[in-house]
Structures are given as C-alpha cells and as structure tokens.
Amino acid sequence: MGERKAMKASAAANANIAIIKYWGRRNDALRIPTNNSISFTMDDQLQTVTTVEFSKTLHADSLVLNGRPGTKTELARVSNFLDNVRAISGKRRVHANVVSKNSFPTAAGLASSASGFAALAAAATKAAGLGRYKDKKQLSALARLGSGSASRSIYGGAVEWLTGKRKDGSDCYAVQLSPPERWKDLRNVIAITSSKEKRISSTDAMARTVRTSEMFKCRLESVESRLRIVRKAILERDFAALAPTIMQESDSMHAVMLDSWPPITYLNGISLEIMHKVVELNESYGHGQRNAVAAYTFDAGPNAHIYTTAKYERQVQKLLAEMEGIEKVLVCRVGEGVRYPRKHLF
Ligand code: PMV
C-alpha cells in the first residue's frame, strides 16, 4: 500500500455454529464477551468470499454484497472495520473497494457476519501488506472487532473463543480445539424455516440482555460447567455426551433473550416444533441421557441447526421432511478455516 501500486487480496471463510453460545459482552466497543464460547466451523456451503483492494486514488470505501451495492449501514460497518486495518498499517487515508459474496442468505441466522468478517479481516490485512497477520490469534482478535463470532471462523474444526482477562482485549481471541478431519462423521442438518432478515441485530439484542435480564447472571454460572463437558466430549468425539449440553445451552440463551426487556424472540412456531421432534427422536432411542442421537441449536434466528452423526443423518432429514413450513434443508460437515484463493471477485 502507500507509494506502491494498489494492493488486492481475496480470502474465503466459512460460518461457524456455536454449541456454547456467545451472548453478552463485558466491553461493547472492543467486543469482549462475558464468557468463552465453542463452535464448529461449517463446510463451504456456508462460505463467504471477499476481495479487498486498497487504492490511493479512491475518495471513499465502497461495498458490493451479493451483487448489489451495500446499504448505508452495511458500508458503515465495513468502513469502521477497515479503519482498524488502516490504523495498524499506518495508512489512515487509503480507501478500499470491497466485493463480497455469500453462498447462503445474508442475515437469516446462518451466521453470515461470522464468515463475512473473518473473510474481510483476512483479505484486508493481506491487501494492506500486513504479513504478521498470518498469526491466526492476531487475525482472530482483529476479526472479533467486526463481529464477535467471526473470531472463531478463522479456524476450521472445533474452536474455542477465549474471553481473556486483559482490559484491552489483547488476550481475547479464538484457538482451535481440534482440526476438521478429527470429526469427519459429525453433521449439522440445517432447517431454514425463514430466510427473512432478523428484526433486531444480535449486537443490539445482546446488549439489551446484559442490561435487563435478571436470569443472565445465572446463565453465566452454568456456562462454565458446560464448557468443561463440551471440551471433554469433543476430545473424545463422544456425541451422546455432547448432545444434551448443546440443547440446554441453546435453550439457556433463548431463555435470557425472552427474559430481556422488551423481550427478544428469534424462534418461530416451526423452530419450537423442531425442538420437540428432536427430543422425541432421542426418546425413541431410550430415555437415558446417553442415548441422544441428535441435538438442536438456534442462533439469533429461527433456523434450526441439528447436530448429529452420519449414522443418524437420514433419520433427522426424515423428521424434517414430515414437517410443514421448512423452506430448505442443508447438510453441512465440519469445514476449514480461512484460506486465500488466487482468483479475485473483481
Ligand atoms: O454473529 P455475532 O457476532 O453478531 O453474534 C451472534 C451470536 C450467536 O450467533 C447468537 C451465538 C454464537 O456464539 O455464535
């Protein structure tokens, strides 16, 4: 960048779906969460590809998202994020053209902000010539400033985002718990129950929960023991041990949303029906906790993510096929972290 010719770079990143959720921050500006969270990164069906070109000849940043110009709000969020990259690279006045493409509907609870800001962080730092951002922890902490969950999409496989202890957030980044090839038969059967944009952004909604929910403190206490259960189950690839915790954790997050004021609701009638069907499916294999074959989890949206293993994938699909109102079903495997394709989008 600078006196040299304009620099262009592209990056691809995939969405991740948390099983221990990030919901609430202890520092809003720095996006430092109140608790650690754990997710699996999905395969390329939930992918964002982004090209960034910095050029001294530009007078402002521009954004094209899925083939249309970005809205004012989207552009402002991208520009604010690029300000961090400009500050680090010491080129405060160099603007950028950004073109980004999702392989799935934006803002439909499919974690487009996670793949979006992970890809943007990787493409922008490369385009700005910031070689040291090959360090994934640094890249993760940077992506976090765009969207908290993006810190996890830097890595493939199972990933834990650490809240850290420092006030400046310098120890708040994600680390990989296990690589994608470690759990090849894990599946996320995604039921799209609505591809409409959400009514309230997760950023605003979680701030409301921290401010107004009395149950939120109680949730933070139970998250610690769930983190321990999940780390162990991932290490041992023990799905039956993982499943009840995945569901309880999703329920806990949606409970504190409802406990916020005014209440926040992302689930719809079909989401609730899916929850009951999954519980019934598990009960058909026996009532013990060790018999679960599938586990639902929902983010800030009504779409269901049903984690299961290859052996029960068909059963879960059958359960969804018998229901009305599901727009689309997608089956994802565990996927890769950030990569840098040679081909640019413009
Ligand atoms: O995508 P963000 O950073 O706005 O946060 C959303 C958080 C949840 O998706 C609801 C949970 C999570 O941990 O991904």
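An oxygen atom of the ligand is 2.7 Å from an N or O atom in the side chain of Ser149. This is a predicted model, where local features need pLDDT of at least 70, side-chain atom pairs count only at pLDDT 80 or more, and totals for chains, interfaces and linings use all residues. Residues are numbered from 1 along each chain as its sequence is written, and side-chain values use heavy atoms, with hydrogens and water left out. The chain is divided into domain 1 (7–183) and domain 2 (186–332); these bounds come from an automatic or database domain assignment.

**Ligand site**

- Around the ligand there are 14 residues, of which Tyr22, Ser147, Ser149, Arg152 and Ser202 come nearest. A residue counts as near if one of its heavy atoms lies within 4 Å of the molecule or strand in question.
- The side chain of Arg152 has an N or O atom 2.7 Å from an oxygen atom of the ligand.
- For Ser202, too, a side-chain N or O atom is 2.7 Å from an oxygen atom of the ligand.

- The C-alpha centres of domain 1 and domain 2 lie 24 Å apart.
- Domain 1 puts 33 residues into the contact, and domain 2 puts in 50 residues. Contact means heavy atoms within 4.5 Å.
- The size of an interface is often given as the accessible area lost when the parts come together.
- Between domain 1 and domain 2 the buried area is about 3600 Å², with 66% of it from carbon and sulfur atoms. Buried area is the accessible area (1.4 Å probe) that two parts lose on being put together, summed over both.
- Which three residues supply 28% of the area that domain 1 buries against domain 2? They are Lys21, Trp23 and Trp183, and they supply more than any other three residues.

**Bonds across the interface**

- There are 2 salt bridges between domain 1 and domain 2. A salt bridge is a side-chain nitrogen of Lys or Arg within 4 Å of a carboxyl oxygen of Asp or Glu.
- The rule finds 13 residue pairs in polar contact across the interface of domain 1 and domain 2, both residues at pLDDT 80 or more. A polar contact is a pair of N or O atoms within 3.5 Å; within protein, one must be able to donate a hydrogen and the other to accept it, and residues adjacent in sequence count only if both atoms are side-chain atoms.

**Salt bridges**

- The structure holds 12 salt bridges.
- In one of them, Lys21 pairs with Asp299, the closest N and O atoms being 2.6 Å apart.
- Lys21 lies in the loop between strand 2 and strand 3 and Asp299 in the loop between strand 13 (294–297) and strand 14 (304–309), so the pair ties together parts that are 278 residues apart in sequence. Helices (H or I, at least four residues) and strands (E, at least two) are DSSP runs, numbered from the N terminus.
- Glu160 and Arg231 also meet through their side chains in a salt bridge (2.8 Å, N to O).

**Backbone details**

- Trp261 and Pro262 are joined by a cis peptide bond, with omega about -10 degrees.
- Pro262 sits in the loop between helix 7 (239–258) and helix 8 (269–283).
- Arg31 has phi near 50 degrees, a positive value in a residue other than glycine.
- Arg31 is placed in the loop between strand 3 (25–27) and strand 4 (32–33).
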